[in-house]
Amino acid sequence: MSDSYPLPTEPEGIVASLLERFHSGKVGAMMALCDPEAVFIANDGRTITDHTEIAARLKRDLRLGLPLKAKARHVFVTGDIA
């Protein structure tokens, strides 16, 4: 696995990039995908916008050591953000 984690060139590539970064186990790699306006939806439906709290949630999930599988059904795009 690459240490540089290149950004995808097409919106549909975000899922593969997300999986690569998740499986690296590095919170910083995951957070690099987050826009300053990113929103994380907690299990209780609460929206989290604070990047420190988002990173803590991701760290907790990464600590479980479970593999992540994902398939994009639709990629939402606005401007240059997918």
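Arg46 forms a salt bridge with Glu53, the closest N and O atoms being 3.2 Å apart, where a salt bridge is a side-chain nitrogen of Lys or Arg within 4 Å of a carboxyl oxygen of Asp or Glu. The structure is a predicted model, in which local features need pLDDT of at least 70 and side-chain atom pairs count only at pLDDT 80 or more, whereas totals for chains, interfaces and linings use all residues. Residues are numbered from 1 along each chain as its sequence is written, and side-chain values use heavy atoms, with hydrogens and water left out.

Across the whole structure, 3 salt bridges are found. Arg46 is also paired with Asp44, with the closest N and O atoms 4.0 Å apart, and Asp61 forms a salt bridge with Arg60, for which the corresponding separation is 2.9 Å. Through shared partners, Asp44, Arg46 and Glu53 are joined into one network.

Helices (H or I, at least four residues) and strands (E, at least two) are DSSP runs, numbered from the N terminus. In H3, Ile54, Ala55, Arg57, Leu58 and Leu62 are buried. They cover an arc of only 160° around the axis, and therefore lie on the same side of H3, the arc being that of the directions from the helix axis to the C-beta atoms. The face turned away from this buried side carries the exposed residues Thr52 and Arg63. The cover over the buried residues of H3 includes H1, helix H2 (27–31), strand S1 (40–41) and strand S2 (47–48), contact meaning heavy atoms within 4.5 Å.

The largest nonpolar core has 10 residues, including Phe22, Ile48, Ile54 and Leu62, such a core being a set of buried Ala, Val, Leu, Ile, Met, Phe, Trp, Tyr and Cys residues joined through side-chain atoms within 4.5 Å. H3 gives the most to this core, with 4 residues. Leaving aside neighbours within four places in sequence, Phe22 is in contact with Met30, Asp61, Leu62, Leu66 and Leu68.

Definitions and conventions
Buried means under 20% relative accessible area, exposed over 50%, partly exposed in between (1.4 Å probe, protein chains only).
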